[in-house]
Amino acid sequence: MDIVIAKTKSECDNIAAGIIRQQIADRPKSVLGLATGDTPSGLYARLIELYEKGLVDFKDVETFNLDEYRGLSKDHPQSYSYYMHKNLFSKINVRDENIHLPNGQALDAKQECMDYENKIKDAGGIDLQLLGIGRNGHIGFNEPNNSFASMTCLTDLTEDTIEANSIYFDSCAEVPRTAFSMGIKTIMQARKIILLAYGKGKAQAIADSLTGPITPLVPGSVLQLHPFITVLLDEDAASLL
Ligand code: GLP
């Protein structure tokens, strides 16, 4: 595990953008696993800058997002599909048919999960997975106690996550209670992982995940077992290490 602690979030964003740029230069048909939330937004802005300067080409890149709220349409401003189009996809040359997120409105949840997992397999697996982390150590929407063997599934959000994510909604009541998420096993099958965490609010989750026991109670702790992971932290997120 490579752990980089930088003074600022923007230094970490630059390093992450450099890793992704190199990944695509080495393998133009890279399969990227992408994340949403506040954490990766600066990195996406850097990637757009690199694209505009002609330093990275997403023409043959395929993307799979980690998760999507159940029940929200693609156009709902809080759906992860909307977030990704607004913050990245509409500003780079990734092809529409190469963009994948779980369909939050799928009627048959089990089928949707199986289909998503199969699409990842058919694409050849994820080359590079980007991750943020929840305050309670969740990765994707794999909440504490989810099995390390889980594949893409419909999962219940904890009260803590609902409250943390309510800042993006008008009220807590509007936050969906369930979401589709790649499983822990799906995430761990990625060939490489970048984990980003910024701010004091993530310090405990980072300390527990990187230096605590490896346990489903702290989903992020499974990352200690991944052979190729880079962790990029600002000083606040690293403050309890
Ligand atoms: C959400 C997402 C995660 C994300 C986490 C942290 O619940 N499902 O993929 O990593 O929250 O979000 P933020 O970056 O906004 O703190």
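In the predicted model, M1 is located in the segment that precedes β1 (2-6). The relative accessibility of M1 is 39%, and this residue is therefore classed as partly exposed, since that category lies between the limits of 20% and 50%. Together with I3, I5 and L241, M1 forms a nonpolar surface patch of about 350 Å².

The largest pocket has a volume of about 840 Å³. Its lining comprises 38 residues, among which T36, G37, D38, N165 and Y168 lie nearest the pocket centre. Two or more lining residues are contributed by each of the elements β4 (67-69), α3 (80-87) and α5 (159-165). Of the elements, α3 supplies the largest share of this lining, with five residues. By residue class, the lining of the largest pocket consists of 15 nonpolar, 16 polar and seven charged residues.

The second largest pocket has a volume of about 240 Å³. This pocket is lined by 15 residues, and those closest to its centre are K74, S81, I99, H100 and L101. The elements that provide two or more residues to the lining of the second largest pocket are α3, β5 (99-100) and α4 (109-122). The lining of the second largest pocket divides into four nonpolar, six polar and five charged residues.

Note on methods:
Residues are numbered from 1 along each chain as its sequence is written. This is a predicted model: local features need pLDDT of at least 70, side-chain atom pairs count only at pLDDT 80 or more; totals for chains, interfaces and linings use all residues. Side-chain values use heavy atoms; hydrogens and water are left out. On a 1 Å grid over the protein atoms alone, a cavity is a set of points where a 1.4 Å probe fits but cannot get out, and a pocket is an open set with protein on both sides within 12 Å along at least five of seven lines; lining residues have an atom within 4 Å of a point. Grid points are joined across faces, edges and corners, and a volume is the space filled by probe spheres set on the points. Helices (H or I, at least four residues) and strands (E, at least two) are DSSP runs, numbered from the N terminus. Ala, Val, Leu, Ile, Met, Phe, Trp, Tyr, Cys and Pro count as nonpolar, Asp, Glu, Lys and Arg as charged, and the others, Gly among them, as polar. Patches are made of residues with over 30% relative accessible area and no salt bridge: like charges are joined within 9 Å, nonpolar side chains (Val, Leu, Ile, Met, Phe, Trp, Tyr) within 5 Å. Accessible areas come from the Shrake-Rupley method with a 1.4 Å probe; for residues, only the protein chains shown count as cover. A salt bridge is a side-chain nitrogen of Lys or Arg within 4 Å of a carboxyl oxygen of Asp or Glu. Buried means under 20% relative accessible area, exposed over 50%, partly exposed in between (1.4 Å probe, protein chains only).
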